[in-house]
Amino acid sequence: MRFILASASPRRKELLEKMGLEFEVVPALLEEIVHTKRPQDVVMELSRQKAEEVATKRDGKTAPELIIGADTVVVYEESILGKPKDEEEAYQMLSMLQGNRHKVYTGVTLVLKEENHTKESCFYEETEVCMCPMSEMERLWYIGTKEPFDKAGGYGIQGRCAVFIKEIHGDYNNVVGLPIARIYQEFLKLGIDIYQKP
């Protein structure tokens, strides 16, 4: 079985490595377009688009393949926060989130390509995060680290922003970008046991 991660995210790569999985990285290159507004539907739709784009590029003549697509958003009240485009937007996002609770949604799509058929599993995980209050100087310091710019919501829980995370309800790895415990359970439902002895 060949495993393919349809994402260039170094954090997703690190999380799959924690599973002991050998995989290839083939990033999806599509323009992200969604036709829904609920955060759980948005991340599932985007993860599906990514996994299916990479799956269609594969010829299917090799060994069975499992393509993993994922997308993560941060949601505060009714606002979906993606990656900030500049320092000002990062500051606005951190100002919204600091001292408040918000939710992180990650959608995952698994596309299993075998010789004569394809199976698909699509799901999302939700985690609630509460950030400590941050002073203006703390927000400016964090933005100065450049960490916020490739992170949904303008922060990375696994980086320097960890000192401002008060509590988490749910899967920590989901906030990083990939709910690996849930992915493993979905592997098993698809009949894939990565820890089975050959």
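Helix H1 (residues 10–18) buries Arg-11, Arg-12, Leu-15 and Leu-16. Buried means under 20% relative accessible area; exposed means over 50%, and partly exposed lies in between (1.4 Å probe, protein chains only). The arc is taken from the directions that run from the helix axis to the C-beta atoms. The structure is a predicted model: local features need pLDDT of at least 70, side-chain atom pairs count only at pLDDT 80 or more, and totals for chains, interfaces and linings use all residues. Residues are numbered from 1 along each chain as its sequence is written, and side-chain values use heavy atoms, with hydrogens and water left out.

The cover over the buried residues of H1 includes strand S1 (2–5), S3, helix H5 (172–176) and helix H6 (180–189). Helices (H or I, at least four residues) and strands (E, at least two) are DSSP runs, numbered from the N terminus. Ser-9 caps the N-terminal end of H1, with a side-chain oxygen 3.2 Å from the backbone nitrogen of Arg-11. After H1 comes Gly-20, with a positive phi near 80°.

Glu-17 also belongs to H1. With a relative accessible area of 40%, Glu-17 is partly exposed. Its side chain joins that of Lys-13 in a polar contact of 2.9 Å. A polar contact is a pair of N or O atoms within 3.5 Å; within protein, one must be able to donate a hydrogen and the other to accept it, and residues adjacent in sequence count only if both atoms are side-chain atoms. Glu-17 and Gln-196 are 179 residues apart in sequence, and their C-alpha atoms are 17 Å apart in space.

S1, H1 and S2 form a right-handed β-α-β unit. Right-handed means that, with the strands pointing away from the viewer, the path from the first strand over the helix to the second runs clockwise. S1 runs parallel to strand S2 (residues 24–25), and two bridges join them. Ile-4 has Glu-24 as its bridge partner in S2. S1 also pairs with S3 in the parallel sense, over four bridges. Here Arg-2 is bridged to Glu-65 of S3. Pairing requires that DSSP find at least two bridges between two strands.

The largest nonpolar core holds 41 residues, of which Leu-66, Ile-68, Met-131, Tyr-155 and Phe-187 touch the most other members. Strand S3 (residues 65–76) supplies the largest share of this core, five residues. Another core, of eight residues, lies apart from it and includes Ile-4, Val-26, Ala-51 and Val-111. A nonpolar core is a set of buried Ala, Val, Leu, Ile, Met, Phe, Trp, Tyr and Cys residues joined through side-chain atoms within 4.5 Å. Beyond its neighbours within four places in sequence, Leu-66 contacts residues including Met-1, Phe-3, Leu-112, Phe-187 and Ile-192. Contact means heavy atoms within 4.5 Å.

His-102 sits in strand S5 (residues 101–113). At 2% relative accessibility, His-102 is buried. The side chains of His-102 and Tyr-155 make a polar contact of 2.6 Å. Not counting residues up to four places away in sequence, His-102 also touches Val-74, Leu-97, Glu-128 and Met-131, among others.

In helix H4 (residues 136–144), the buried residues are Arg-139, Tyr-142 and Ile-143. They fall within an arc of 100° seen down the axis, so they line one face of H4. Helix H3 (87–97) is part of what covers them. Just after H4, Lys-146 adopts a positive phi of about 70°.
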